[in-house]
Amino acid sequence: MNRVRITLLVLFGLLLASPVAAEEPLSYAEQLIRSGEYALAEIALEKQIADHPVAAARLLSDVYLFEGDLDRAQHWLERAREAGLEDAAYYWQKGRIESARANWPAAWAALRSAVALAPRPEYALLWGAVGLAQGDAERARLGFGKAERSGSGASALFLQGLTLLSSSPEQALALLRRAQLELGSESPLKPQAIYWQARALERLGRVKEARSTLRFLLRSYPGYGPARDELNRLGP
């Protein structure tokens, strides 16, 4: 489903675009990265390599990941590892880089290692999303279940619902409704959780409820084009 892929890209964007928290001397460089000032961040970090070899190299890997220069992102990740970067952080970043390459088998293997070493919610969430990108529902459920247990409830519920949409729309609907309640109003996944509820209802033959859900979505998010397209397809 093309829209499932679009949803995954939104999640990848959120997880790939979050720089690692920096130690105090590098907080200015981290602020530059968050502001998209990558050239300035690169200059600031290269000045800090001698004093902070692990953290500066790790953040430089982020800079190049965000810029789309994945070979240089990998180069600085390896520099960070040589300087003493812990294994869990190494495999997490490697998984992000391979996800950006759309090299799903390598990304999944790296993230599996990251989760085994440190079961943090963002590690498990991306691990499950990579499984879903591979079209492997079992891998996806494994990752999202781990993410939910690790504290990433709403996003994990949403993606579990997406995983089950084809095989078990009733279960998918229940998970998507729970996700909708837990997601904040500013989350980019909030309107998608409502949209996919409508798609689940349609699969269950509850077309009237699907239309009602789409109308509710458009009242709450008037600019959400997929809902309008779907409502036009379903008819009045």
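## Residue H52

H52 counts as buried because its relative accessibility is 19%; buried means under 20% relative accessible area, exposed over 50% and partly exposed in between, with a 1.4 Å probe and protein chains only. H52 lies in the loop between helix 3 (38-48) and helix 4 (53-67). Helices are DSSP runs of H or I with at least four residues, numbered from the N terminus. From C-alpha to C-alpha, H52 is 8.5 Å from L26 in space, and the two are 26 residues apart in sequence.

This is a predicted model, in which local features need pLDDT of at least 70 and side-chain atom pairs count only at pLDDT 80 or more, while totals for chains, interfaces and linings use all residues. Residues are numbered from 1 along each chain as its sequence is written, and side-chain values use heavy atoms, with hydrogens and water left out.

## Nonpolar cores

A nonpolar core is a set of buried Ala, Val, Leu, Ile, Met, Phe, Trp, Tyr and Cys residues joined through side-chain atoms within 4.5 Å. The largest has 51 residues, and those with the most contacts inside it are Y123, V130, F144, F158, L159, W196 and L214. Helix 8 (residues 121-133) gives the most to this core, nine residues. A second, separate core has 26 residues, including A29, Y64, L65 and L85.

## Helices 5 and 6

The axes of helix 5 (residues 70-83) and helix 6 (residues 87-100) come within 10 Å and cross at roughly 175°. Axes are lines fitted to C-alpha atoms over the stretch in contact, and angles run from 0 to 180 degrees between N-to-C directions. Helix 5 is therefore roughly antiparallel to helix 6, the term for angles over 145 degrees.

How values were computed. Helices (H or I, at least four residues) and strands (E, at least two) are DSSP runs, numbered from the N terminus. Angles under 35 degrees count as roughly parallel, over 145 as roughly antiparallel, 65 to 115 as roughly perpendicular and the rest as oblique.
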